[in-house]
Amino acid sequence: MSGLYATAQTPSSTDSTANFSKKTSDTYKQVISVVFAGPACGMSLQYDIRFNGTSTGLGARAGIGYVPKYIEGHEEWKGRPSYENIYKPKATIPVGLNYVLAPSVKHMIEFGVGVTYVCGDSLWYDDITTSYAWLGWISMNYRRAVGKHLLMRVGLSAVASKSQVADFPTPEWSLGYRF
């Protein structure tokens with residue numbers, strides 16, 4: 001004597017597999033943030049958007065930045081500079097695509113690639129003196145949602161021009177409002 005018995009179950013609201021998409025994504029698809037360093041090479045105000053209507057997936061970021069005046073000098077004997085260069089402030093325009101992965105709603109990883117237009121010479125990344133510069137960059141950042149609307153981002157960017165690759169990755173930190 002044998003019998004066959006089959007049942008179907010519907011996942012309960014507490015089942016972790018049923019709520020995975022709700023736990024790893026939310027509806028905050030836009031961020032306005034203040035960014036220090038990174039692809040803007042100074043301070044910048046940037047806008048970030050996801051294309052799929054959630055906080056994860058493919059998106060873009062763009063902004064306007066400012067590189068403050070800086071002085072470069074090389075010291076000679078007894079602390080006197082042998083020469084000193086004064087570089088004027090510059091405006092920058094960073095633009096790029098990025099992809100955000102989220103193991104949870106609060107913790108996210110971002111990978112990005114893009115270009116930055118520098119209005120003026122960029123001697124930190126380019127050894128050719130010109131009136132403008134185009135810099136390419138790739139970045140990897142950790143994103144952390146703090147509360148309902150606050151987003152913090154910290155990471156590293158590798159920046160390069162036509163003639164030179166930066167000797168070290170540029171750190172990046174931002175604080176933003178997501179909506």
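**A buried glutamate, a buried arginine and their surroundings**

The side chain of Glu172 forms a polar contact of 3.4 Å with the side chain of Arg153. A polar contact here is a pair of N or O atoms within 3.5 Å; within protein, one must be able to donate a hydrogen and the other to accept it, and residues adjacent in sequence count only if both atoms are side-chain atoms. The model is predicted, so local features need pLDDT of at least 70 and side-chain atom pairs count only at pLDDT 80 or more, while totals for chains, interfaces and linings use all residues. Residues are numbered from 1 along each chain as its sequence is written, and side-chain values use heavy atoms, with hydrogens and water left out.

Glu172 has a further side-chain partner. Its side chain and that of Ser157 are joined by a polar contact of 3.2 Å. Glu172 belongs to strand S10, residues 170–178. Helices (H or I, at least four residues) and strands (E, at least two) are DSSP runs, numbered from the N terminus. Glu172 counts as buried because its relative accessibility is 2%. Buried means under 20% relative accessible area, exposed over 50%, and partly exposed in between (1.4 Å probe, protein chains only). Contact means heavy atoms within 4.5 Å. With neighbours within four places in sequence left aside, Glu172 is in contact with residues including Val35, Phe36, Gly38, Pro39 and Arg61. Ser139, Asn141, Val154 and Gly155 are also among its contacts.

The chain as a whole has one helix and 10 strands. Along the sequence, the pattern reads α-β-β-β-β-β-β-β-β-β-β. Of the 179 residues in the chain, 37% are buried. Among contacts between residues at least 6 apart in sequence, 52% join residues at least 24 apart.

Arg143 is another charged residue that is buried, at 3% relative accessibility. Strand S8, residues 133–146, holds Arg143. Its side chain makes a polar contact of 2.7 Å with the side chain of Asp48. A polar contact of 2.8 Å links the side chains of Arg143 and Glu110. Not counting residues up to four places away in sequence, Arg143 also touches, among others, Asn98, Val100, Lys106, His107, Met152 and Arg153.

Arg143 is also one of the residues that line the second largest cavity. On a 1 Å grid over the protein atoms alone, a cavity is a set of points where a 1.4 Å probe fits but cannot get out; lining residues have an atom within 4 Å of a point. Grid points are joined across faces, edges and corners, and a volume is the space filled by probe spheres set on the points. By this rule there are two cavities of 30 Å³ or more. By class, the lining has four nonpolar, one polar and five charged residues. Ala, Val, Leu, Ile, Met, Phe, Trp, Tyr, Cys and Pro count as nonpolar, Asp, Glu, Lys and Arg as charged, and the others, Gly among them, as polar.

In soluble globular proteins, nonpolar side chains tend to be buried together. A nonpolar core is a set of buried Ala, Val, Leu, Ile, Met, Phe, Trp, Tyr and Cys residues joined through side-chain atoms within 4.5 Å. The largest such core has seven residues: Cys41, Val67, Val118, Ala133, Leu135, Trp137 and Val159. S8 supplies the largest share of this core, three residues. Apart from it lies another core, of six residues, including Val31, Val100, Ala102 and Met108.

Cys41, a member of the largest core, has a positive phi of about 65° although it is not a glycine. Cys41 is found in the loop between S1 and strand S2 (43–50). With a relative accessible area of 8%, Cys41 is buried. Ala37, in strand S1 (residues 30–37), also has a positive phi, near 65°. Ala37 counts as partly exposed, at 25% relative accessibility.

Pro94 lies in strand S6, residues 90–101. Pro94 is buried, at 3% relative accessibility. Pro94 and Ala40 are 54 residues apart in sequence, yet their C-alpha atoms are 5.6 Å apart in space. Ala62 is one of the residues that Pro94 touches. Ala62 belongs to strand S3 (residues 57–67) and is partly exposed, at 34% relative accessibility. Ala62 and Tyr47 are 15 residues apart in sequence and 5.5 Å apart, C-alpha to C-alpha.

Conventions
1 Å grid on protein atoms, 1.4 Å probe; cavity = no way out; pocket = protein on both sides within 12 Å on 5 of 7 lines; lining within 4 Å.
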